Amino acid sequence: MSESSLAEMLRARGLRLTAQRQLVLQAVLDLGHATPEQVHTAVREVAAGVNITTIYRTLELLERLGLVTHTHLSHGSPTYHAAGEHQHVHLVCRECGAIDEIDPVLLRPLADELVAQRGFRVDIGHVSLFGVCARCENGDNK
């Protein structure tokens with residue numbers, strides 16, 4: 001997203017483009033998948049005075065604007081990524097911590113069945129499946 005597009009989007013909501021907002025969005029775009037702490041580290045390389053509270057508030061704002069989205073890949077902080085990316089399901093290895101992605105079409109039958117049986121709509125873009133990756137299962141990570 002260009003700086004002018006971001007500025008226009010913020011102005012339309014009565015907000016202004018600040019250096020911190022721009023830096024946080026750029027960090028998420030550059031990092032791909034990042035926790036608020038990782039975004040904070042990246043932003044502080046450019047602007048040392050930005051605190052973690054600003055990072056969390058800015059990420060919440062950017063999510064409300066539809067520019068980023070988050071998922072939970074562990075018990076810790078959420079992981080953010082650009083909302084414009086293709087939707088994907090995360091596969092998280094409990095052994096080595098590796099994160100892989102699969103096409104959400106693989107979960108479509110389950111999602112359809114949940115709607116039919118329970119009236120429950122799954123937000124596939126926020127799904128993370130935890131297990132053991134093939135490398136750990138085969139002992140290749142030791």
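Reply: The model is a predicted one, and its largest nonpolar core holds 18 residues, of which V24, V39, V43, I55 and L62 touch the most other members. Four helices, namely α1 (3–12), α2 (19–31), α3 (36–44) and α4 (52–64), each supply at least two residues of this core. Leaving aside residues up to four places away in sequence, V24 touches V39, V43, I55, T58, L59 and L62. In soluble globular proteins, nonpolar side chains tend to be buried together. Apart from this core lies another one, of 6 residues, including I102, L107, I124 and V127.

As for the rest of the chain, the elements run α-α-α-α-β-β-β-β-α-β-α from the N terminus on, which comes to 6 helices and 5 strands. An open sheet of 3 strands has the order β4-β3-β5 with mixed pairing; its edge strands, β4 (99–102) and β5 (128–131), each pair on one side only, and the twist averages 25° from one strand to the next. Strand β3 (residues 89–93) pairs with β5 in the parallel sense over 4 bridges, and L91 has L129 of β5 as its bridge partner.

For the chain as a whole, 35% of the 142 residues count as buried, while the accessible surface comes to about 8800 Å², with 50% of that belonging to carbon and sulfur atoms. Among contacts between residues at least 6 apart in sequence, 48% join residues at least 24 apart.

Methods. Residues numbered from 1 in each chain as written. Predicted model: local features only at pLDDT ≥ 70, side-chain atom pairs only at ≥ 80, totals over all residues. Heavy atoms only, no water. Pairing = 2+ DSSP bridges. Axes fitted to C-alpha atoms, helices over the stretch in contact; angles between N-to-C directions. Core = buried A, V, L, I, M, F, W, Y, C linked by side-chain atoms within 4.5 Å. Buried < 20%, exposed > 50% of the residue type's maximum accessible area, 1.4 Å probe, protein only. Contact = heavy atoms within 4.5 Å. Areas by Shrake-Rupley, 256 points an atom, 1.4 Å probe, with all protein chains shown as cover.
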